[in-house]
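Please read them with the sequence and the model side by side.

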Amino acid sequence: MTLSIRLNKLISWFDSSQISVAENTSEAIDWLRVIPFILMHLACLLVFVVGWSPVVLWVALFSYLIRMFAITAFYHRYFSHKAFKTGRICQFIFALIGATSTQRGPIWWASHHRRHHRFSDTDQDIHSPIHGFLWSHMGWFLCLKNFTTRENCVRDLLKFPELRWLDRYDIAIPVVYAFALLGVGKLLEVYAPELQVTGGQMVVWGYFVSTIVLIHCTLCVNSLAHVWGTKRYATNDSSRNNALLALLTLGEGWHNNHHHYPVSARQGFFWWELDISYYLLKAMAALGLVWDLQPVPRERLTLNLIERK
Ligand SMILES: [Zn+2]
Ligand SMILES: [Zn+2]
């Protein structure tokens, strides 16, 4: 590898436009890009250094939930599937919250996800477990091949310059978020010492632990939700419904339902299928923040049902 390519790869951590589509062919694990991903996991071990306090555990939980909602309701159901409508400001706010999840920008995320639906569990599906479980979980985005956005899949999103900025400088927002948590923790150290919160705790629990759990729960929808669970509908893929994953991902675990009818705003098709993202979207719709939530047509609920013996 020449020095200039190495340099480009390092710069690509700050400006993702540095890697061009032409270079985008290798399926080998790209260690220069992977190292920060590994360091984020190791940073979670700092909980043994900074300790904990009740307040930071609540912060970590809230940090997980609000960002999981931004990923499931907006990165997935809105940007990838157009399952409802919203205004440009609301679109940007949830793109911004989604961007703190360190799962890259909304356009990159949607482009690969749309491709997943187009080629589900075939040779051309970039993260199918048919290529290996670990590959479907995280190998696919740790190689150079899938680093760039597949622009032909997301022409509708490319027209928003603010979303393109989030995509190009995709590490900027997570860094700002981590430093903001550090800053709030430092202020609490000084002004509310009785809470026993430190800046270190806020950044380790609120950012690193919360983000790593969030990333792996999201990735489980690509990996586990295609191998573990039940199938209600005969789809052309191995998607499954999994109640535990649905709980952890605020509704995304009803993945067989989702592959059966991807444009629906709800993935839990029945009242007993917990879909917290959908309930929150209904609440946002009541406030006028989102609208035109796509329902599941009644005939779709019973189409292609797999008969149970
Ligand atoms: Zn899938
Ligand atoms: Zn989808």
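1. Leu188 is buried, having 21 other C-beta atoms within 10 Å, and its place is in helix α10. Bear in mind from the outset that the model is a predicted one. Leaving aside neighbours within four places in sequence, Leu188 is in contact with Leu195 and Val197.

2. Beyond the helix comes Lys82, whose phi is positive, near 55°.

3. How many of the 27 residues of α4 are buried? The number is 19, and α4 is therefore largely enclosed by the rest of the structure.

4. One partner of α4 is helix α6, which covers residues 106-118. Two packed helices are described by the angle between their axes and the distance between the axes. For α4 and α6 the angle is about 65° and the axes are 9 Å apart, while the crossing in which α4 passes α6 is right-handed. On the α4 side the contact is made by Tyr75, His76, Phe79 and Ser80, and these meet Pro106, Trp109, Ala110, His113 and Arg114 in α6. Sorted by class, this contact of α4 with α6 comprises 5 nonpolar, 3 polar and 1 charged residues.

5. Gly206, in helix α11, is a further buried position, with 27 other C-beta atoms within 10 Å. Which residues does Gly206 touch, once those up to four places away in sequence are not counted? They are Val56, Val59, Ala60, Ser63 and Leu181. Gln18 lies 188 residues from Gly206 along the chain, and the C-alpha atoms of the two are separated by 30 Å.

6. Most residues other than glycine have a negative phi, and most peptide bonds are trans. Asp121, although not a glycine, has a positive phi of about 55°, and Gln196, also not a glycine, has a positive phi of about 60°. Asp121 is found in the loop between α6 and α7, the latter being residues 133-137, whereas Gln196 has its place in the loop between α10, residues 172-191, and α11. Are these residues buried or exposed? Asp121 is buried, with 20 other C-beta atoms within 10 Å, but Gln196 counts as partly exposed because it has 15 C-beta neighbours inside that distance.

7. Glu27 belongs to the loop between α1, residues 3-12, and α2, residues 31-43. With 15 other C-beta atoms within 10 Å, Glu27 is partly exposed. Not counting residues up to four places away in sequence, Glu27 touches Cys143 and Lys145. Asp15 is 12 residues from Glu27 along the chain, and their C-alpha atoms are separated by 21 Å.

8. The last point concerns Ala234, found in the loop between α11, residues 199-222, and α12, residues 243-248. Why does Ala234 count as exposed? The reason is that it has 12 C-beta neighbours inside 10 Å, and a residue with 12 or fewer is classed as exposed. Even so, Ala234 touches Asn304 and Ile306, not counting residues up to four places away in sequence. Ala234 and Ser277 are 43 residues apart in sequence, and from C-alpha to C-alpha they are 25 Å apart in space.

Technical notes: Residues are numbered from 1 along each chain as its sequence is written. Chains are lettered from A and ligands numbered from 1 in the order in which they are written. This is a predicted model: local features need pLDDT of at least 70, side-chain atom pairs count only at pLDDT 80 or more; totals for chains, interfaces and linings use all residues. Helices (H or I, at least four residues) and strands (E, at least two) are DSSP runs, numbered from the N terminus. Axes are lines fitted to C-alpha atoms, for helices over the stretch in contact, and angles run from 0 to 180 degrees between N-to-C directions. A crossing is left-handed if the near helix is turned anticlockwise from the far one by less than a right angle, and right-handed if clockwise. Two residues are in contact if their C-beta atoms, placed from the backbone, lie within 7 Å. Ala, Val, Leu, Ile, Met, Phe, Trp, Tyr, Cys and Pro count as nonpolar, Asp, Glu, Lys and Arg as charged, and the others, Gly among them, as polar.
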